[in-house]
Amino acid sequence: MNPLVIVPTYNERNNVSPLLKKLRALQLPLEILFVDDNSPDGTGKLLDEFAAGQDTLHILHRPSKEGIGAAHLAGLAWAEERGHTCVVTMDCDLTHSPEDIPDLLAAAETADVVVGSRYLQQGSLEGWNWRRKLLTHLAHTLTRTLLALPYDSTGAFRVYRLDRLPPGIFSTVRSMTYPFFFESLLALQLNGAAIAEVPIRLPPRTYGSSKMPPSEPFRGILHLLETALRRITSPESFRRPTRTIERNPALIDAQGWDDYWRQTAQSGNQAYKVIATIYRRLIISRNLNAAIRTTFPSGSRLLHAGCGSGQVDVGFQNEMRITAVDTSICALETYVRAVQGAEDIRHASIFALPFANDTFDGIYNLGVMEHFPADEITAILKEFRRVLKPGGRLLMFWPHSRATSVAVLGFWHTIRKKFFGSSQLLHPPEVSLVRSQSWMADLLKAGGFAMETYRFDWRDFWVQVVVTAEPLPDRGEASRPQVP
């Protein structure tokens with residue numbers, strides 16, 4: 001076992017040389033990888049000088065600072081690609097003592113993950129200021145209480161036995177910043193990894209200052225709350241992927257949905273995610289389950305057109321034959337973990353569905369159509385009609401212009417812009433909210449459908465219009481193109 005030591009760096013020019021000397025003084029067969037985020041102080045250039053002619057010292061240069069979690073993920077991916085089976089991760093600020101590495105590696109002989117713990121012995125944070133101690137102990141208390149993680153879950157000093165961990169396990173982690181540490185440990189625990197702890201002591205930082213922004217603790221707490229809620233309401237989202245999604249290289253993500261699904265958590269976005277998750281799981285999911293069972297017979301072959309992350313597709317996936325499509329590969333990678341029973345999952349556009357005519361008994365979507373103008377909605381509906389069997393039905397959840405959510409989010413966007421200077425929307429623009437029942441009927445007719453039912457009521461607190469429709473009799477069978 002020749003371990004690889006991964007060390008993320010950002011403005012650590014004064015620390016890399018002392019750390020290298022300490023690592024080499026261990027006289028262990030270590031390889032070392034520094035992951036530098038284009039440090040303005042020249043850390044990356046200095047590391048290149050150190051690495052010249054060194055077979056065991058590697059430098060991974062990243063174009064910009066994307067977060068400590070992203071740096072760890074990049075290092076772990078680098079290790080996996082090169083076949084490393086054992087990885088040590090640590091900080092570069094000299095608070096993690098290389099002298100503890102032999103103990104961590106010894107524990108890794110029998111454990112899948114080893115965590116360097118600050119809470120197994122007294123005085124492990126000696127010399128730290130009161131603020132850092134307070135934040136550290138608060139984080140430990142919250143992760144133990146809310147996530148049921150008995151370990152030191154916010155530290156980076158760890159050993160991963162990559163040869164024993166489930167493939168793709170780190171893809172379940174959403175945070176690219178400091179919450180990466182507790183979120184990744186929770187994912188490992190929920191997937192059955194054997195986790196051990198080794199006591200460590202952390203001296204005060206020798207050079208430099210903390211890279212954590214002042215707002216990060218608040219953002220971390222919000223992410224912790226979201227992760228706790230996600231653990232309770234959608235534990236399946238922590239599962240490693242059960243299948244690989246084949247990317248369609250010709251597909252153009254014109255609306256930037258990949259960016260939406262992969263965006264890093266910000267304080268306002270994080271609060272929105274917590275609230276949205278509660279609403280989707282407790283309200284929308286229940287209403288969708290009822291609507292699916294009312295609209296479609298058991299065993300129907302259904303297309304979820306614009307499936308997103310699949311957060312609400314839970315409860316009926318084993319009763320129906322589900323095919324899911326989305327233009328975002330990032331959304332689909334989340335979907336495969338959330339919806340274990342889906343029959344088929346495709347990276348495709350709802351404007352050009354990769355299915356033959358008359359393929360599906362029904363089509364449904366939620367929170368999709370409002371993001372397109374009327375002419376594009378008409379084109380989508382015509383494509384739906386093409387792949388829908390005669391007698392098939394369409395079910396859509398579509399927000400109303402007078403929805404309570406529209407009013408609340410509009411107010412919150414105004415507050416964020418006025419007091420926080422943020423004009424970023426918490427969701428992609430909604431350009432076609434439902435205006436009225438007659439407006440909906442006309443739009444459906446233009447796309448080749450007749451509206452059957454229209455509901456906008458208290459069951460979801462007046463947010464979504466729930467519509468069912470059937471194809472108009474004149475389907476133009478002879479003129480429809482066949483798609484293989």
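Reader: What does the accessible surface of the protein come to, and how much of it belongs to carbon and sulfur atoms?
Author: Keep in mind that we're looking at a predicted model. The accessible surface of the protein comes to about 21600 Å². The share belonging to carbon and sulfur atoms is 54%.

Reader: And what percentage of the residues is buried?
Author: The protein has 484 residues, and a residue goes in the buried group when its relative accessible area is under 20%. Buried residues make up 52%.

Reader: How many helices and strands are there?
Author: Going by secondary structure, the protein holds both kinds of element. The tally is 13 helices and 14 strands.

Reader: Take contacts between residues at least 6 apart in sequence: what percentage join residues at least 24 apart?
Author: Here a contact is heavy atoms within 4.5 Å. Among contacts in the protein between residues at least 6 apart in sequence, the part that joins residues at least 24 apart is 76%.

Reader: Which residues form the nonpolar patch that includes Ile221, and how much accessible area do they have together?
Author: Ile221 sits in helix α7, residues 216-233. A patch residue needs over 30% relative accessible area, and isoleucine 221 has 34%, so it counts as partly exposed. The patch is made of Leu138, Ile221 and Leu225, with about 220 Å² together.

Reader: How many disulfides does a search of the whole structure find?
Author: A disulfide calls for a pair of cysteine sulfur atoms within 2.5 Å. As for individual cysteines, cysteine 86 is buried at 0% relative accessibility, and cysteine 307 is buried too, at 7%. The search of the whole structure comes back with zero.

Reader: How many salt bridges are there?
Author: Side chains of opposite charge can pair when their charged atoms come close. The cut-off used is a side-chain nitrogen of Lys or Arg within 4 Å of a carboxyl oxygen of Asp or Glu. By that rule, the count is 16.

Reader: How far apart in sequence are the parts tied together by glutamate 226 and arginine 174?
Author: The two side chains meet in a salt bridge, 3.9 Å from N to O. Glutamate 226 lies in helix α7, while arginine 174 is in the loop between β6 (158-161) and α6 (180-190), so the parts they tie together are separated in sequence by 52 residues.

Reader: Of that pair, which residue is buried and which is partly exposed?
Author: Arginine 174 has a relative accessible area of 34%, so it is partly exposed. Glutamate 226 has 6%, which is under the 20% cut-off for buried. The buried one is therefore glutamate 226, and the partly exposed one is arginine 174.

Reader: Where do glutamate 343 and arginine 321 lie, and how far apart in sequence are the parts they tie together?
Author: Glutamate 343 forms a salt bridge with arginine 321, with the closest N and O atoms 3.1 Å apart. Glutamate 343 is in the loop between α10 (329-338) and β10 (344-347), and arginine 321 is in strand β9 (residues 321-326), so the pair ties together parts with a sequence separation of 22 residues.

Reader: Which helix holds both glutamate 383 and arginine 386?
Author: Their side chains meet in a salt bridge at 2.8 Å, N to O, and both residues are buried. They are three residues apart, about one turn of the helix. That helix is α11, residues 374-387.

Reader: Which residue's side chain has a polar contact of 2.6 Å with arginine 62?
Author: Arginine 62 is in the loop between β3 and α3 (68-81), and at 11% relative accessibility it counts as buried. The residues touching arginine 62 include Val35, Asp36, Gly67 and Ala70. The C-alpha atoms of arginine 62 and aspartate 36 are separated by 6.0 Å, though the two are 26 residues apart along the chain. The partner in the 2.6 Å contact is aspartate 37.

Notes:
Residues are numbered from 1 along each chain as its sequence is written. This is a predicted model: local features need pLDDT of at least 70, side-chain atom pairs count only at pLDDT 80 or more; totals for chains, interfaces and linings use all residues. Side-chain values use heavy atoms; hydrogens and water are left out. Buried means under 20% relative accessible area, exposed over 50%, partly exposed in between (1.4 Å probe, protein chains only). Patches are made of residues with over 30% relative accessible area and no salt bridge: like charges are joined within 9 Å, nonpolar side chains (Val, Leu, Ile, Met, Phe, Trp, Tyr) within 5 Å. Accessible areas come from the Shrake-Rupley method with a 1.4 Å probe; for residues, only the protein chains shown count as cover. Helices (H or I, at least four residues) and strands (E, at least two) are DSSP runs, numbered from the N terminus. A polar contact is a pair of N or O atoms within 3.5 Å; within protein, one must be able to donate a hydrogen and the other to accept it, and residues adjacent in sequence count only if both atoms are side-chain atoms. Lists of a residue's contacts leave out its neighbours within four places in sequence.
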